[in-house]
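Take a look at the model below.

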Amino acid sequence: MTRPMRRRRVASALVFGVTAGCAALTVSTLFFLLGYIVWHGIGGLNWAFFTQLPKPVGELGGGMVNAIVGTAKLLFLATAIGIPIGCFGGIYLAEFGHGRLAFLVRYAADVLNGVPSIVMGIFAYTLIVLPMRQFSALAGGLALGIMMIPIAVRSTEEFLKLVPLSVREAAWALGLPEWKTIAFVVIPAAYRGLLTGILLDVARVAGETAPLLFTAFNNRVWSHGWLEPIASLPVMIYTYSIAPYDDWHRQAWAAALVLMLFVLVVNGGARLLLPRRRAA
Amino acid sequence: MDVALRAERLSAWFGSTQAVQAVTLQIARHQVTAIIGPSGCGKSTFIRCLNRMHEVIPEARVEGAVWLDSENLYADGVDPVDVRRRVGMVFQKPNPFPTMTVYDNVAAGLRLNGLRARPELDRVVEESLRLAALWDEVKDKLRAPGTSLSGGQQQRLCIARALAVKPEVLLMDEPCSALDPIATAKIEELLYQLKERYTVVLVTHNMQQAARVSDTTGFLLMGELVEFGPTGKLFTNPSEPRTEAYITGRFG
């Protein structure tokens, strides 16, 4: 074998080894993390965890039902705020977005996406908590909702753009106005993708802690309505894991497991929804 | 001659490139008028000007006039959406609405324009599918997705969809270019029947097809209408040397 040939083979093997190693590392990190959390968390999972309120400090047992419901409420509110704005923004970009304004919107969405989540918390704090002199579910939901906007904008835009021009042209040629074409032809053609985007968006903010710390704050009992402080799984994990009680640590692991499983299931659901590639 | 559609000094541009050069011609009612020419001669662009579909492309521009009966489709205040309801179009590649059933595809134009009455919809869907010579093949799978049909069936579905809104003129932009010979033969047969009720403008790169199905043929070259006349004469005794050169296969 000639020398250049041998060198190429060595280089090829080296690059293959490095890339394969990094790929394996990516997957194994996830599985290590999952395994570790299951290992620690499974013991803390019991009926009480899903059905009882936290016990007073010092007492053993209790659960996190209020935090589970709280996370659901916060995600509902965030979705109600972030998804309509994000989706309509995405529709604008995909269907009408030409020129400087569209560039500006896209740029703003990308920057917004990069804003540290704690800054979103400060924003909601200034906007809602300060004037109302009250931590609230509303403030937490708003902080998470704003975080959802940029991803919703870009995913909506991308999935709508996947609908081929020929389908739009077919609708125009029937004498359908632009809005009907979008509402009844383009969006239905892209709805699986759009739904996937929304689910991934929800999963992404489900684990956010920083924006909730001084907006939703925390609550050891039930939170009524939208204007009281509210418990959430991420904040409970944070609070419980820095506390000095073993029972709380156990419950924090369990909460981490529940949150992780939720994100996993939502992500998996989104993958299932994603349209399978078809020949156009 | 009973004129259904008349193009008057019609020019079209993509940005600064002129694709159609001041074409004037008359489309006779209840006839098939074919536009032939080599690739890139502007025939698709020309036909898309006839129902104001050219302008959906960014930076596209049109000058001149298109008269549908006594109305200029390019006059101020004419809504392209209304124009397209009166001048229907079938495209090169079959493009059924991907999420809709066979039935819904045909009913789409009427439904989305506000027709809700089920018996009326049923009647129009059947009538349109029969006109498109597709009824017998799909009457048992009206609830199947439109995209589950074969390519040739999909194209006839698109024809039925266009016919359902009762256009005055039907534009067909190389409707057989993505189809096999058998599916092509079916559509050509269909054209023969369609002209009893509709005025058809057919763009084709296939000279034999134009010779078989059309009554009048126009030859377009580099955006310019070289010759326009009865199909028999154009193919047997053209008056322009460039037409003769093209139909005898010397270029194109």
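**A helix and its neighbours**

In chain A, the buried residues of H11(A) pack against helix H1 (3-41), helix H2 (47-51), helix H3 (65-96), helix H8 (178-206) and helix H10 (233-241). Packing here rests on contacts, meaning C-beta atoms, placed from the backbone, within 7 Å. Helices (H or I, at least four residues) and strands (E, at least two) are DSSP runs, numbered from the N terminus. This is a predicted model: local features need pLDDT of at least 70, side-chain atom pairs count only at pLDDT 80 or more, and totals for chains, interfaces and linings use all residues. Residues are numbered from 1 along each chain as its sequence is written, while chains are lettered from A and ligands numbered from 1 in the order in which they are written.

Which residues of H11(A) are buried? Among them are Trp248(A), Gln251(A), Trp253(A), Ala255(A) and Ala270(A). A buried residue has 20 or more other C-beta atoms within 10 Å of its own.

Now turn to chain B. Beyond four places away in sequence, Val201(B) touches residues including Ile27(B), Leu50(B) and Met172(B). Chain B holds 10 helices and 10 strands. Of its 252 residues, 47% count as buried. Its C-alpha trace spans about 55 × 45 × 35 Å along the principal axes.

Key: Buried ≥ 20, exposed ≤ 12 C-beta atoms within 10 Å, placed from the backbone. Contact = placed C-beta atoms within 7 Å.
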